[in-house]
Amino acid sequence: MATSLIPLSSSFLQPLKFKTLPKPRNPNLSTTRKIITTCDSQKNTGASNPSSRNPNFQKRRNSSKYGTSRRSILKKSFLQEQVTFTARVSDDPQVAIIGGGMAGLVCALNLEARGVKSTVFDTGIHGLGGRLGTRIIEPQGMIFDHAAQFFTADDSRFIQYVDGWLEKGLVREWKGVVGELEVGGSFSQFPSSSPPRYIAVNGMRSLADSLLLESRLVDVVRPCWISKLEPLNGMWHLSENGTPRGQFDVIVIAHNGKCANRLLSASGLPLVAKQMKKLDLSSIWALLAAFDDPLPTVNFEGAFVKGVESLSWMGNNSAKLGNGATPHCWTFFSTATYGKQNKVPQENIPTVTSEKVRTGILQGVEIALGLPEGSLPKPVYTRLQLWGAALPKNTPAVPCIFDPQGRAGICGDWLLGSNLESAALSGEALGNHIADFLQNSEANPEEFAIGLHDRPSPLAGHDIGQFPGLTSMGEKQEAEAYQLI
């Protein structure tokens, strides 16, 4: 299906609007199967009680103590029973989208284009965006893109989105010098034939925060941590630590990592949970550092670093965003290997670990630039963050996942790749797929099953993701030499 541009607002600095959640629906709808192992509120007896069918069930359930480890969540996911909704979808269906990154936002926009209402739940305190993260430090006004640094566009469908964002002034081409940096300070700029690199004009988060400003059928609830999905009376009931957050006909999981795994582990969606479990994610440290003076020997705005274990990327946010102000704000990313070696619970990073990683990354900057040990200027500000579930390392190569029996789907970049383009295309695919499902109620639901059994394969790319069409001078020369053989 051709992609039509969704109207976007150029007023990207306006705050997001918050809307009231829809009132509870008719509770008399029903499902034909009770979800014994996942619905705490259902008190079943007789044939519906698993203990009456299997006398060992109660003993086995009591002896199981599921924690929050990946292994325990995996075990719990595979024990749950599949929910099957048979009641007709309501005339005015509502979709819950859990996750306000690019995939979830584009999913909401495409549902709106098809006349379907949705509510986006996101954990962001400062704004939407997921990996489109920007941190603004006041009162200095320092701006750091601390997740996605830039993006490219290769697919014609995604190019249409980018063209719309350009027209509205939400993004612009990043024409600064970007390339690869070898140990010792040897820098190679990407060739002029490389595809355009795009950035959001006021930090990457500003793009995410602007996308829904003109929407009429999309509600936004944040910050909100959906902690439970409960299928009851033909609807999905969402709650946040015991607080009801509404009931919906269809749910979308637009985030990943251990939070998504925990949410799905007792949802009644074993096939969806199993697919999410197959996702392998890297861990990457991000160091935000501000310097009063320019870094020595630097003649670029961004560089993929080669040969330094503690450093894979360094980008000058001040130069990239064109504010020309001091201090000079840099984002440094570790390699995935370094992230794995120094991974700790990101909610509670030990001081000894943070000091070790901060020192290691700054030493990596010295090594990459070829500076004498200890000669790097001391930053006037630093902030360290661990992306414990940073980027996908494998992919099933399907645009989206949808379980029509449970009326639940997944979208995200990992289903197609590891970049903003993949996220947008996945969100678009699931939004249109759900709209087709809702608007063809007489069709066999199984016809809408997608991605429930696909196996993932390894995913190549930079430590900080994929950039379609972007190749280094060395890769280009190697490809040209191969063509001449």
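Biologist: What makes you say that the charged end of Arg 197 sits over the ring of Trp 174?

Modeller: A charge sits over a ring if NZ of Lys or CZ of Arg is within 6 Å of the ring centre and within 35 degrees of the ring normal. The charged end of Arg 197 is 5.7 Å from the centre of the Trp 174 ring, so the distance meets the 6 Å limit. Lys 320 also lies over the face of Trp 174, at 5.6 Å from the ring centre.

Biologist: What are we looking at, and which atoms count?

Modeller: This is a predicted model, in which local features need pLDDT of at least 70, side-chain atom pairs count only at pLDDT 80 or more, and totals for chains, interfaces and linings use all residues. Residues are numbered from 1 along each chain as its sequence is written, and side-chain values use heavy atoms, with hydrogens and water left out.

Biologist: Which cluster does Trp 174 belong to?

Modeller: Ring pairs link Trp 174 with Phe 150, Phe 190, Phe 304, Trp 313 and Phe 467. Rings of Phe, Tyr and Trp (its six-membered ring) pair if their centres lie within 6.5 Å; planes under 30 degrees apart are stacked, over 60 edge-to-face, the rest tilted. The structure holds 20 aromatic pairs.

Biologist: Why is the pair of Phe 151 and Phe 158 called edge-to-face?

Modeller: The ring centres of Phe 151 and Phe 158 are 5.9 Å apart, and the planes stand at 65°, so the pair is edge-to-face.

Biologist: And why is the pair of Trp 330 and Phe 332 stacked?

Modeller: Here the centres are 6.0 Å apart and the planes lie at 10°, so the Trp 330 and Phe 332 pair counts as stacked.

Biologist: What makes Asp 249 a buried residue?

Modeller: Its relative accessibility is 1%, so Asp 249 counts as buried. Asp 249 is in the loop between β12 (243-248) and β13 (250-253). Strands here are DSSP runs of E, at least two residues long, and helices are runs of H or I, at least four; both are numbered from the N terminus.

Biologist: How do you know that Asp 249 and Ser 90 make a polar contact?

Modeller: A polar contact is a pair of N or O atoms within 3.5 Å; within protein, one must be able to donate a hydrogen and the other to accept it, and residues adjacent in sequence count only if both atoms are side-chain atoms. The side chains of Asp 249 and Ser 90 are joined at 3.1 Å. A polar atom of the Asp 249 side chain also lies 2.8 Å from the backbone nitrogen of Gln 94.

Biologist: What makes β11 and β12 a pair?

Modeller: Two strands pair if DSSP finds at least two bridges between them. Strand β11 (residues 235-240) and β12 have four bridges, in the antiparallel sense. Within that arrangement, Trp 236 stands opposite Phe 248 in β12. Three strands form an open, antiparallel sheet in the order β10-β11-β12. The edge strands are β10 (228-232) and β12, because each pairs on one side only.

Biologist: What is the expected span of helix α11 set against?

Modeller: The expected span is 1.5 Å times one less than the number of residues. Helix α11 (residues 351-369) has 19 residues and reaches 27 Å from its first C-alpha to its last, close to the 27 Å expected. Just after α11, Gly 370 takes a positive phi of about 75°.

Biologist: Which residues other than glycine have a positive phi?

Modeller: Among them are Ala 397, with phi of about 60°, and Arg 407, with phi near 50°. Ala 397 is in the loop between β19 and β20 (401-403). Arg 407 is in the loop between β20 and β21 (408-410).

Biologist: Why is Ala 397 called exposed and Arg 407 buried?

Modeller: Ala 397 has a relative accessible area of 54%, so it is exposed. Arg 407 has 6%, so it is buried.

Technical notes: Buried means under 20% relative accessible area, exposed over 50%, partly exposed in between (1.4 Å probe, protein chains only).
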